[in-house]
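Open the model in your viewer and keep the selection tool at hand. The stops below go from the ligand to the sheet and then to the helices.

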Amino acid sequence: MQEFLTKIARAYERFEQESNTWLKSYTASGGQVFCKAGCFHCCNLPIQVSLAESLYTVSRLEPEQQKAMQTRAYKVIENAKTSESWDMYFERHRQEIGYCPLLENGKCSAYDARPARCRDTFSAFDSRFCAVGTLENLSKKEHLEYQRQVRKHPATDGQTHYIQPLEDIGASIWETASQAMRQAWGLEVWGDFWVLTALAADETFMEAIWAGQGKKAISRAKALGLWHLEIVQFS
Ligand code: SF4
């Protein structure tokens, strides 16, 4: 178990080094990053993680933090079950389920345990574009201008205002997680951050995972009420 978690910790360390190097070069050549301490607009976005990362998160959370993650996990499942579309799921996730319970007084209370997506999401535009409601409330003309600016920005993927090269560096964490899961379990589990973190804290679920028994793990997730095909994926 410790060896498994160390692989994830090392992947996070490598990411920090490589992303810092990239950021230094990017800002030295005039590039701007609009993320700063105290900004948490992105902490109400849905987050995709590997079970390997959730296991790492669980290993660093206090019991009350874990309880809050579990409470939110059930809300995520309920939202998935009752949403008629991805757009509805996404909007309700941000507006009704709201901010991650690990956000305390405007800061991530589990900064060292946060998953890849929380580490590699950086804004190339003013942070108001990350806030819920900003893009949704742009007029058609404003939205066309936003798209034009995104397309011409050298650090985005041309679709959104997030900095793509940092997400590319973050992809190496997912590669490490993928390999670690395959080697240790013979299977991979990916899905929602809060649901997987609640499952990673469940002994019976994790016993099945460590034994490579995917069907048994799925049965346990169903018994816990933490199962939805679009929220947890086994492969
Ligand atoms: S883990 Fe931390 S950074 Fe990630 S969404 Fe939660 S509060 Fe925000």
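A residue counts as near a molecule or strand if its C-beta atom, placed from the backbone, lies within 6 Å of it. This is a predicted model, in which local features need pLDDT of at least 70 and side-chain atom pairs count only at pLDDT 80 or more, while totals for chains, interfaces and linings use all residues. Residue numbers start from 1 along each chain as its sequence is written.

**Stop 1: the ligand**

Select the ligand and the residues around it: C43, C100, L102, L103, C108, A110, R114 and C118. For the classes used here and below, Ala, Val, Leu, Ile, Met, Phe, Trp, Tyr, Cys and Pro are nonpolar, Asp, Glu, Lys and Arg are charged, and the others, Gly among them, are polar. The shell around the ligand then has seven nonpolar residues, no polar ones and one charged residue.

**Stop 2: the sheet**

Helices (H or I, at least four residues) and strands (E, at least two) are DSSP runs, numbered from the N terminus. Two strands pair if DSSP finds at least two bridges between them. Now select β1, β4 and β5, three strands that form an open sheet in the order β1-β4-β5 with antiparallel pairing. At the edges are β1 (48–50) and β5 (232–234), each pairing on one side only. Neighbouring strands of this sheet are turned by 20° against each other on average, direction ignored.

Zoom in on β4 (residues 189–192), which pairs with β1 in the antiparallel sense over three bridges. V49 has G191 in β4 as its bridge partner, and S50 has W190. On to the next pair: β4 and β5 run antiparallel and are joined by three bridges. Here W190 stands opposite Q233 in β5.

**Stop 3**

Axes are lines fitted to C-alpha atoms, for helices over the stretch in contact, and angles run from 0 to 180 degrees between N-to-C directions.

**Stop 4: α2 against α8**

Keep α8 and select α2; the two pack at an angle of about 65°, with their axes 8 Å apart. That makes α2 roughly perpendicular to α8, a term for angles of 65 to 115 degrees (under 35 is roughly parallel, over 145 roughly antiparallel, and the rest oblique). The crossing of α2 past α8 is right-handed; a crossing is right-handed if the near helix is turned clockwise from the far one by less than a right angle, and left-handed if anticlockwise.

Which residues of α2 and α8 meet? L51, S54, L55, T57 and V58 in α2 meet F193, L196, T197 and A200 in α8, where contact means C-beta atoms, placed from the backbone, within 7 Å. This contact has six nonpolar, three polar and no charged residues.

**Stop 5: α1 against α2**

Next, select helix α1 (residues 2–28) with helix α2 (residues 51–60): their axes come within 10 Å and cross at roughly 100°. α1 is therefore roughly perpendicular to α2. L5, I8 and A9 in α1 meet A52, E53, L55, Y56 and S59 in α2. By class, six of these residues are nonpolar, one is polar and one is charged.

**Stop 6: α9 and α10**

Finally, select helix α9 (residues 203–210) and helix α10 (residues 214–224), which pack at an angle of about 165° with their axes 8 Å apart. That makes α9 roughly antiparallel to α10. α9 passes α10 in a left-handed crossing.

Notes. Contact = placed C-beta atoms within 7 Å.
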